[in-house]
Amino acid sequence: MLARRDALPAPERRALSARITKRLLALEAYRGARCVMAYASFGGEFETADFLADVLGQGKNLVLPRVVRGNRMLQLHAVDDPERQLAPGVWGIPQPRADVCPPVPASRLEFVLVPGVAFTRSGERLGYGGGYYDGFIRSLAPRPPLIAAAFELQLLPGLPTTDRDQLVDLVVTEDAEYRATRAR
């Protein structure tokens, strides 16, 4: 799946990402949220830069994760200037600099954009294998809307999931929105 996704030519990835972003920005869950967690895209992922810019442009609080590899955890930090406040972290993924980005409690989150490698139309998610997001999602209380942004080519009819794998509420692609069909 990573090879398929990464094979998208850059201009096509940008165009598809723009279509996905337009759909994300129209979501009621996004429009009503004051504190939005997202991620800085890396490699062939859906390009989040325009989404992040809208979060800040709308005066919402932007929260991005830092990977704590030893504990297999995500730390949350407020970011108001991604250009200056992000640095390559674990695996080269852009993440907030802890020295300039204050921590944010997960209880403040009202919308979470979740990354992944592959998804199903029923909300199943295959991550990158570390379990960071699954553990993070399990710890959320209350649980805000969990939204995945993906290219249609990342959708599969089924995934090899276990009880530890967490569902997302909605998968947003360039062509459609798919709501989870089973309880989380």
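Predicted model: local features only at pLDDT ≥ 70, side-chain atom pairs only at ≥ 80, totals over all residues.
Six positions of α2 are buried, namely Arg13, Leu16, Ser17, Ile20, Thr21 and Leu24. Because they cover an arc of only 145° around the axis, these residues are placed on the same side of α2. An α-helix has 3.6 residues a turn, so residues three or four places apart point the same way. Pro11 and Lys22, by contrast, are exposed on the other side of α2. The buried residues of the helix pack against several elements: the helices α1 (2-6), α3 (28-31) and α4 (49-57), together with the strands β6 (111-114), β9 (146-149) and β10 (170-172).

In soluble globular proteins, nonpolar side chains tend to be buried together. The largest nonpolar core of the model contains 52 residues. Leu24, Met37, Phe51, Leu109, Phe111, Leu113 and Phe136 have the most contacts inside this core. Beyond its neighbours within four places in sequence, Phe51 is in contact with Thr21, Leu24 and Leu25, as well as with Tyr30, Val36, Ala38, Phe111 and Leu113.

Asp134 counts as buried because its relative accessibility is 10%, the limit being under 20%. Residues up to four places away in sequence being excluded, Asp134 touches Arg125, Arg164, Asp165 and Gln166.

Technical notes. Residues numbered from 1 in each chain as written. Heavy atoms only, no water. Buried < 20%, exposed > 50% of the residue type's maximum accessible area, 1.4 Å probe, protein only. Helix = DSSP H or I, 4+ residues; strand = E, 2+ residues; numbered from the N terminus. Arc of directions from axis to C-beta. Contact = heavy atoms within 4.5 Å. Core = buried A, V, L, I, M, F, W, Y, C linked by side-chain atoms within 4.5 Å.
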